[in-house]
Amino acid sequence: MYGLINIGFGNVIAGDRVIAIVNPESSPLKRMKDEAKMEGKLIDATYGRKTRSIIITDSNHIILSAIQPETIAQRFMQNFYEIEKSLREMKK
């Protein structure tokens, strides 16, 4: 129940489909990115900038973003609290 999350440059993802948001610096994540590219499951939303986070979805898609993982996580929490607030108001 997260709604759409902005991952930079006007790109949004379905928050409910995200499994993890990770830092792309480790070798296993670089291999995961390469495998996703070979399988046609890599989505590059960096617009040519440095990849600062890798988003892993429940459909095994890998999304690259130029936004820091901490920033994306804050957006997740903000959306979650806004949706919770809206649901409480609807129950009144």
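Where is Phe 9 found? Phe 9 sits in the loop between E1 and strand E2 (11-14). The model described here is predicted: local features need pLDDT of at least 70, side-chain atom pairs count only at pLDDT 80 or more, and totals for chains, interfaces and linings use all residues. Residues are numbered from 1 along each chain as its sequence is written, and side-chain values use heavy atoms, with hydrogens and water left out.

The protein chain holds two helices and six strands. Helices (H or I, at least four residues) and strands (E, at least two) are DSSP runs, numbered from the N terminus. Read from the N terminus on, the order of elements is β-β-β-α-β-β-β-α. The C-alpha atoms fill a box of roughly 50 × 25 × 20 Å, taken along the principal axes.

Of the 92 residues in the protein chain, 29% are buried. Here buried means under 20% relative accessible area, exposed means over 50%, and partly exposed lies in between (1.4 Å probe, protein chains only). The protein chain exposes about 6,200 Å². Carbon and sulfur atoms supply 52% of that area. Accessible areas come from the Shrake-Rupley method with a 1.4 Å probe; for residues, only the protein chains shown count as cover.

Contacts were also counted along the sequence. A contact means heavy atoms within 4.5 Å. Among contacts between residues at least 6 apart in sequence, 53% join residues at least 24 apart. The protein chain carries 14 positive and 11 negative charges, and their mean positions are 4 Å apart. Lys and Arg count as positive and Asp and Glu as negative, while His and the chain ends are not counted. Each charge is placed at NZ of Lys, CZ of Arg, CG of Asp or CD of Glu.

Nonpolar side chains come next. In soluble globular proteins, such side chains tend to be buried together. A nonpolar core is a set of buried Ala, Val, Leu, Ile, Met, Phe, Trp, Tyr and Cys residues joined through side-chain atoms within 4.5 Å. The largest such core has 10 residues, including Ile 5, Ile 7, Ile 67, Ile 72 and Phe 76. Strand E1 (4-8) and H2 are the elements that give two or more residues to this core. Apart from it lies another core, of six residues, among them Ala 36, Ile 56, Ile 62 and Leu 64.

Ile 67 belongs to the largest core. Leaving aside neighbours within four places in sequence, Ile 67 is in contact with Ile 7, Gly 8, Arg 52, Ser 53, Ile 72 and Arg 75. Arg 75 lies in helix H2 (residues 69-91). Arg 75 counts as partly exposed because its relative accessibility is 27%. Beyond four places in sequence, Arg 75 touches Ile 5, Asn 6, Ile 7, Gly 8 and Ile 67. The side chain of Arg 75 reaches the backbone oxygen of Asn 6 at 2.9 Å. Gly 40 is 35 residues from Arg 75 in sequence and 27 Å from it in space, C-alpha to C-alpha.

Ala 36, of the other core, lies in helix H1 (residues 27-39). At 4% relative accessibility, Ala 36 counts as buried. Beyond four places in sequence, Ala 36 touches Lys 41, Leu 42 and Ile 62. Ala 36 and His 61 are 25 residues apart in sequence, yet 6.9 Å apart in space, C-alpha to C-alpha.

The loop between strand E4 (42-45) and strand E5 (53-57) holds Thr 46. Tyr 47 and Thr 51 lie in the loop between E4 and E5 as well. Is Thr 46 buried or exposed? Thr 46 is buried because its relative accessible area is 2%. Thr 51 is buried too, with a relative accessible area of 19%. Tyr 47, in contrast, counts as exposed at 54% relative accessibility. Leaving aside neighbours within four places, Thr 46 is in contact with Phe 9, Thr 51, Leu 64, Ser 65 and Ala 66. On the same terms, Thr 51 touches Pro 24, Thr 46, Leu 64 and Ser 65.

Backbone angles complete the description. Most residues other than glycine have a negative phi. Phi of Phe 9 is near 60°, a positive value. Phi of Tyr 47 is near 55°, also positive. Phe 9 is partly exposed, with a relative accessible area of 38%.

Conventions: Polar contact = N/O pair within 3.5 Å; in protein donor to acceptor, adjacent residues only side chain to side chain.
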